[in-house]
Amino acid sequence: KITDIIAAGQIVPSEVTVALLDNAIKETVAGPNAPSVEGFLIDGFPRKLDQAQIFEDQIKQATDILYFDCAIETMEKRILSRAAEGSGRSDDNVEALRKRFLTNQRECEPVVEKYRSSGRVTDIDANREKDAVYADVKKIVAGHGITCKN
């Protein structure tokens with residue numbers, strides 16, 4: 001069911017997404033050999049206001065949000081290139097991409113603005129080459145005492 005939702009360019013229901021994240025976080029920090037964890041970097045989350053609220057109510061308040069500001073044309077080119085290389089993702093096609101972009105504008109932008117209004121967003125120009133973008137990410141997370149592994 002989740003695969004079908006993603007393939008249609010839609011967002012997985014918030015309760016499902018948050019429950020999956022909660023389970024993954026708990027599995028990561030459980031057990032005698034668990035790593036010492038200060039926090040998590042969660043890619044592409046939250047995508048909706050209710051996801052943000054549920055996550056912060058049930059798990060933890062998000063402290064820093066990295067917003068990768070990227071033109072639709074650049075994203076489309078990169079994703080279609082990824083598909084041509086055999087990504088195996090059912091949503092790496094033009095039709096699903098266009099739906100994803102519209103969904104992003106409608107659902108995700110209000111989330112970014114919510115966090116921006118509370119001073120928790122750091123913008124990253126993602127239209128540049130991936131190495132330049134990654135260099136920025138490493139600097140930002142290093143400011144929080146986190147070292148990126150290549």
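Predicted model: local features only at pLDDT ≥ 70, side-chain atom pairs only at ≥ 80, totals over all residues.
An α-helix has 3.6 residues a turn, so residues three or four places apart point the same way.

Take Ala52, one of the residues of helix α3. Buried means under 20% relative accessible area. Ala52 has a relative accessibility of 1%, so it counts as buried. Setting aside neighbours within four places in sequence, Ala52 is in contact with Pro46, Lys114 and Tyr115. Ala52 can also be placed relative to Ser14. The two are 38 residues apart along the chain, yet their C-alpha atoms are separated by 8.7 Å.

## Helices α3 and α5

Helix α5 runs over residues 94-117. How do α3 and α5 pack? Their angle is about 50°, and their axes are 8 Å apart. At that angle, α3 and α5 are therefore oblique to each other.

On the α3 side, the contact is made by Leu49, Ala52 and Glu56. On the α5 side, it is made by Pro110, Val111, Lys114 and Tyr115. Five of these contact residues are nonpolar and two are charged, with no polar ones.

## Helices α4 and α5

Helix α4 spans residues 72-84. It packs with α5 at an angle of about 140°, and the two axes are 11 Å apart. Roughly antiparallel would need an angle over 145 degrees, so α4 is oblique to α5. The crossing of α4 and α5 is right-handed.

In α4, the residues that meet α5 are Ile72, Met75, Glu76, Ile79, Leu80 and Arg82. In α5, the residues that meet α4 are Val94, Leu97, Arg98, Arg100, Phe101 and Gln105. This contact divides into seven nonpolar residues, one polar residue and four charged residues.

Is Thr103 buried or exposed? Its relative accessibility is 8%, so Thr103 counts as buried. Beyond its neighbours within four places in sequence, Thr103 is in contact with Gly9, Ile11 and Cys108.

## The loop between α2 and α3

Two residues stand out for a closer look in this loop. Pro46 is found in the loop between α2 and α3. A cis peptide bond joins Phe45 and Pro46, with omega about -5°. For background, most peptide bonds are trans.

Asp43 is found in the loop between α2 and α3 as well. Is Asp43 buried or exposed? At 77% relative accessibility, Asp43 counts as exposed. Asp43 and Ile65 are 22 residues apart in sequence. In space, their C-alpha atoms are 9.9 Å apart.

## The loop between α4 and α5

Where is Ser87? It is found in the loop between α4 and α5. Ser87 has 31% relative accessibility, so it counts as partly exposed.

Not counting residues up to four places away in sequence, Ser87 touches Arg82 and Asp92. Ser87 also has a polar contact with Arg89. A polar atom of the Ser87 side chain lies 3.3 Å from the backbone nitrogen of Arg89.

Conventions
Residues numbered from 1 in each chain as written. Heavy atoms only, no water. Helix = DSSP H or I, 4+ residues; strand = E, 2+ residues; numbered from the N terminus. Buried < 20%, exposed > 50% of the residue type's maximum accessible area, 1.4 Å probe, protein only. Contact = heavy atoms within 4.5 Å. Axes fitted to C-alpha atoms, helices over the stretch in contact; angles between N-to-C directions. Parallel < 35°, antiparallel > 145°, perpendicular 65-115°, else oblique. Left-handed = near helix turned anticlockwise from the far one by under 90°. Nonpolar A, V, L, I, M, F, W, Y, C, P; charged D, E, K, R; others polar. Polar contact = N/O pair within 3.5 Å; in protein donor to acceptor, adjacent residues only side chain to side chain.
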